[in-house]
Amino acid sequence: MTLSSDAAVDRGGPLPAWVVVARQSFRLMRSDAASLVTVCAMPLVLMTFFQSMARQSLEMAGYHHVNGSEQVVPGMTVGFGAFLLSYVAFGFIGEYSWGTWERLRASRASSVAIVVGKLLPAMALCVVYELVLFLLGIGLFGLRFHGQILALILTGLAFPACLVSAGILLVAVCRTNQQINVVGNVGGIFLGALGGGYVPLSLLPSWARHIAPATPTYWAVKGLRAGILPGYSLSTGFVCAGVLVGIAVFFGAVAASRFRFEETKAEIGA
Amino acid sequence: MLEIAGLQKSYGPAMAVDSVDLAVGRGQILGLLGPNGAGKTTLVCIVAGLRKADAGTVTVAGIDALRYPGRVRPLLGIAPQELGLYPTLSVRVNLGFFGELAGYRGQHLYRSVLQAAEAVGLADRLDDRAAVLSGGQKRRLHTAMALIGHPPLLLLDEPTAGADVETRAQLLDLVASRAADGTAVVYSTHYLPEVEQLRAEVVIIDRGRIRASGPLDTLVARYQSSRLELTLSAPMPTAMAERFGAEGGDGRVSIATTQPEADAAEILAGLPGTVTGLSIVRPSLESVYLEVLGRPAATVPQ
């Protein structure tokens with residue numbers, strides 16, 4: 001039995017290719033929900049153990065009527081969010097491992113449609129990750145907002161953009177799963193720690209405090225804290241979000257210059 | 001449907017495709033044969049826009065495929081050599097995704113998925129994850145994903161590699177039926193009997209160059225002659241032996257001939273003794289293939 005010629009002629013109007021690819025990316029994420037649950041569960045565990053320490057740190061910094069969630073929720077969200085860049089990268093690398101990359105490239109989906117269709121769901125995933133942790137932070141750890149909400153929103157959108165562009169950069173420069181694992185995980189934990197994600201910046205060694213502003217996680221934690229703690233101006237939010245967008249653009253530009261669609265990455269998945 | 005002229009592609013100093021010219025019309029199957037590393041996959045990938053050519057032209061339905069790969073891609077379905085499917089997703093979703101990419105939606109998509117699954121015998125596995133299918137079923141799903149858009153040009157790169165006998169027969173039937181519907185098919189394979197079964201036009205490629213091409217029968221006739229193998233109770237008369245160019249002795253004689261039936265009849269009528277055995281050994285595509293590639297020729301008795 002073959003497809004009818006009627007069906008071939010009248011196809012009900014095609015969806016844009018990027019939409020088709022994005023829907024497939026969502027399906028693939030849903031089929032791997034366990035790892036997403038893990039990514040959300042890990043920061044929640046550490047929030048529980050570190051909340052008390054964070055409260056003391058905030059009180060020492062002059063904040064009153066705080067419970068520590070003001071540090072651990074944004075900090076852990078950013079710290080473990082850094083691991084999402086590996087997740088973003090594997091959204092592409094999976095296609096190589098499954099042998100579907102060339103099929104995809106030979107379809108009507110253009111290169112741009114493939115990239116957009118892969119990155120938009122990844123971006124949405126990162127935003128949902130932040131939302132889930134903040135909502136759980138409110139419900140489980142008593143998180144309240146006393147700062148600039150717009151700073152929180154802007155940073156909350158700019159940080160995922162940064163993660164997504166770092167993820168595509170990882171795909172562009174790495175040739176194997178193993179490389180992505182190493183760079184993603186070691187890089188993720190390094191960035192998470194250095195940016196003040198796991199413990200407050202004031203508790204880090206002085207050398208780390210000096211280089212922390214060179215990391216996107218530093219600006220993400222700072223921007224999110226500006227939406228939670230009092231005493232920050234709205235311009236802090238703009239600066240933090242602006243720096244994150246700048247880093248995202250830089251990563252994206254480098255990725256665009258290095259990404260080779262025809263590269264087979266044959267050893268990936270081996 | 002597909003025309004290739006002067007196509008060249010090298011990887012460093014190695015020529016993967018060297019001055020290749022070929023054409024495939026609607027409803028035609030082109031059997032692309034050659035040893036590993038001959039350039040078959042590179043050729044298929046260039047047509048599909050997956051590799052860039054160094055020189056030459058590729059035209060699909062009148063469109064310059066090298067200059068406008070985006071316009072050509074909707075016209076072709078490709079099943080690469082390596083299995084390409086989403087193991088964690090169902091057969092339905094695997095087919096549906098490429099159906100959507102081919103432009104189907106709604107009821108058309110639903111019907112197309114069902115029809116493609118039926119065509120490869122997977123209609124009862126639509127809701128199973130691809131990961132749990134057997135090797136043969138995965139191979140069939142892999143091929144069905146190339147067919148679902150009903151593309152006018154099919155590029156099948158070793159579609160039966162690793163497939164069992166039943167799967168192979170099913171896939172060959174499917175390819176033949178698609179060709180009968182007017183689809184142009186480029187069929188790369190190592191299994192020569194498949195090309196014979198499909199009655200395909202043959203292109204033998206080695207080290208990037210086409211070594212031989214043409215219709216199967218023409219190619220066989222051009223490169224190899226049949227042989228008459230006779231077992232005789234008495235020696236063949238010298239005049240007859242010289243006339244037919246007979247070789248051998250001790251009652252066993254071998255004669256190369258382009259008209260085995262006629263020669264056999266004439267020899268049988270003129271022999272003084274009894275013929276205790278007679279067989280016509282016809283050349284096969286395999287013997288042509290080996291001769292073209294410079295390997296010792298072999299023949300298959302019939």
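This is a predicted model: local features need pLDDT of at least 70, side-chain atom pairs count only at pLDDT 80 or more; totals for chains, interfaces and linings use all residues.
Biologist: How many residues of S8(B) are buried?

Modeller: S8 covers residues 184–189 of chain B. A residue counts as buried if 20 or more other C-beta atoms lie within 10 Å of its own. By that test the strand is mostly covered, and the number buried is 6 of 6.

Biologist: Which residues point the opposite way from B:Ala184, B:Val186 and B:Ser188 in S8(B)?

Modeller: In a regular strand, side chains alternate between the two faces of the sheet. B:Ala184, B:Val186 and B:Ser188 point one way. The other way point B:Val185, B:Tyr187 and B:Thr189.

Biologist: Which residue in S8(B) is the bridge partner of B:Leu154?

Modeller: Look at S7(B), residues 153–157, which pairs with S8(B) in the parallel sense over 5 bridges. S3(B), residues 29–33, also runs parallel to S8(B), joined by 5 bridges, and there B:Leu33 stands opposite B:Thr189. For B:Leu154, the partner is B:Val185.

Biologist: Which element gives the most to the side of chain B that touches chain A?

Modeller: In total, 38 residues of chain B are in contact with 30 residues of chain A. The elements giving two or more residues to that side of chain B are H3, H4 and H6. With 8 residues, the one that gives the most is H4(B).

Terms used: Residues are numbered from 1 along each chain as its sequence is written. Chains are lettered from A and ligands numbered from 1 in the order in which they are written. A residue is buried if 20 or more other C-beta atoms lie within 10 Å of its own, exposed if 12 or fewer, and partly exposed in between; C-beta atoms are placed from the backbone. Helices (H or I, at least four residues) and strands (E, at least two) are DSSP runs, numbered from the N terminus. Two strands pair if DSSP finds at least two bridges between them. Two residues are in contact if their C-beta atoms, placed from the backbone, lie within 7 Å.
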